[in-house]
Amino acid sequence: LVISPPEPLSIIITPGHARRYVRIYTFLADLTRAGSALEKVDLREPRIGVNGRRMLFYCCCSMLRLVAGIRDHVLTEVDAVWQMFREDLEKVKTIDHAIDAHRRAMKIMMQRTLLDVSHLTTGRTLGVMCESCIRFAQAMNAGDEASAFIHHRTFDEHSQLLREKLSVERTNVSARMLLWRMGSREDPFEEENAIPSEVPTRSQISDLGS
């Protein structure tokens, strides 16, 4: 995939920005391919035993749910930032303002999709998960029960690694939101809804009354 904006749009969308767009679109394409492969798995494959089929059905559903959640997160964040950029674009008066608005939007988009430089390992982890989904689906459709379990184990290990990485980023709302979409019961806005430090807690009030 190559993005080459025509003049004068290339003044705003630089080659560096184009590469970032390609990265986002490629990531979305990988998630879509992974989800599509899982959806097409034949769970009635006769070469897989009944017990194995039951377990692999659960594996397939859990993988699909996780991939769909991640894809929804990326689409939601990209759309939100793009709408913000369009609103900013309506207010600009010079080409320099348009360049600055797009630069800000591009930076926010990469941060919210967790594809910026500070999340390179996160991107690699997600890439392995997508590839594991496709290999799992291929093994299932080929009736290769053992390989299907191996690919699911790889997927599960990397999904746990991803959860650990995201759970550490307490101040990153996008990371917490993605963690929530991956099945975490934690409130993604917990930090924002926390009680301010100057407000006394219940235990402090009890201490005052004693």
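Helices and strands are DSSP runs, with at least four residues (H or I) for a helix and at least two (E) for a strand, numbered from the N terminus. On that basis the chain of this predicted model has 7 helices and 0 strands.

**View 1. The chain as a whole, read along the sequence as α-α-α-α-α-α-α.** Among the contacts in the chain with a separation of 6 or more, 68% are accounted for by residues 24 or more positions apart.

**View 2. The largest nonpolar core, with 49 residues.** The residues with the most contacts inside this core are Ile24, Ile70, Phe136 and Leu166. At least two residues of the core are supplied by each of α1 (15–39), α2, α3, α4 (120–141), α5 and α6, and α2 gives the most, with 11 residues. Around isoleucine 24, when residues up to four places away in sequence are not counted, the residues touched are Val78, Met106, Met109, Met110 and Leu115.

**View 3. The crossing of α2 and α4.** Two packed helices are described by the angle between their axes and the distance between the axes. Here the axes of α2 and α4 come within 11 Å and cross at roughly 145°, and the crossing is left-handed. From α2 the contact is made by Leu56, Cys59, Cys60, Met63, Leu66, Val67 and Ile70, and from α4 by Leu126, Met129, Ser132, Cys133, Phe136 and Met140. By class, this contact of α2 with α4 has 12 nonpolar residues, 1 polar residue and no charged residues. Ile70 and Phe136, which take part in this contact, are also among the residues with the most contacts inside the largest nonpolar core.

**View 4. Helix α6 (residues 173–181) and what covers its buried residues.** The buried residues of α6 are Ser174, Ala175, Arg176, Met177, Leu178 and Leu179, and their cover includes α2 (50–89), α3 (95–112) and α5 (145–168). Following α6 is glycine 183, whose phi is positive, near 115°.

**View 5. Serine 159 in helix α5.** Serine 159 counts as buried because its relative accessible area is 2%, where the cut-off for buried is under 20%. Leaving aside its neighbours within four places in sequence, serine 159 is in contact with Leu66, Met129 and Met182. Of these contacts, Leu66 of α2 and Met129 of α4 also take part in the contact between those two helices.

**View 6. Isoleucine 13 in the segment before α1.** With a relative accessible area of 14%, isoleucine 13 is buried. Its contacts, leaving aside neighbours within four places in sequence, are with Pro5, Ala18, Tyr21 and His102. The C-alpha atoms of isoleucine 13 and isoleucine 99 are separated by 7.9 Å, although these residues are 86 residues apart along the chain.

**View 7. Alanine 80 in helix α2.** Alanine 80 has a relative accessibility of 34% and therefore counts as partly exposed, a class that runs between the 20% cut-off for buried and the 50% cut-off for exposed. The C-alpha atoms of alanine 80 and methionine 109, 29 residues apart along the chain, are separated by 8.8 Å. Met109 is also one of the residues that isoleucine 24 touches.

How values were computed: Residues numbered from 1 in each chain as written. Predicted model: local features only at pLDDT ≥ 70, side-chain atom pairs only at ≥ 80, totals over all residues. Heavy atoms only, no water. Buried < 20%, exposed > 50% of the residue type's maximum accessible area, 1.4 Å probe, protein only. Contact = heavy atoms within 4.5 Å. Core = buried A, V, L, I, M, F, W, Y, C linked by side-chain atoms within 4.5 Å. Axes fitted to C-alpha atoms, helices over the stretch in contact; angles between N-to-C directions. Left-handed = near helix turned anticlockwise from the far one by under 90°. Nonpolar A, V, L, I, M, F, W, Y, C, P; charged D, E, K, R; others polar.
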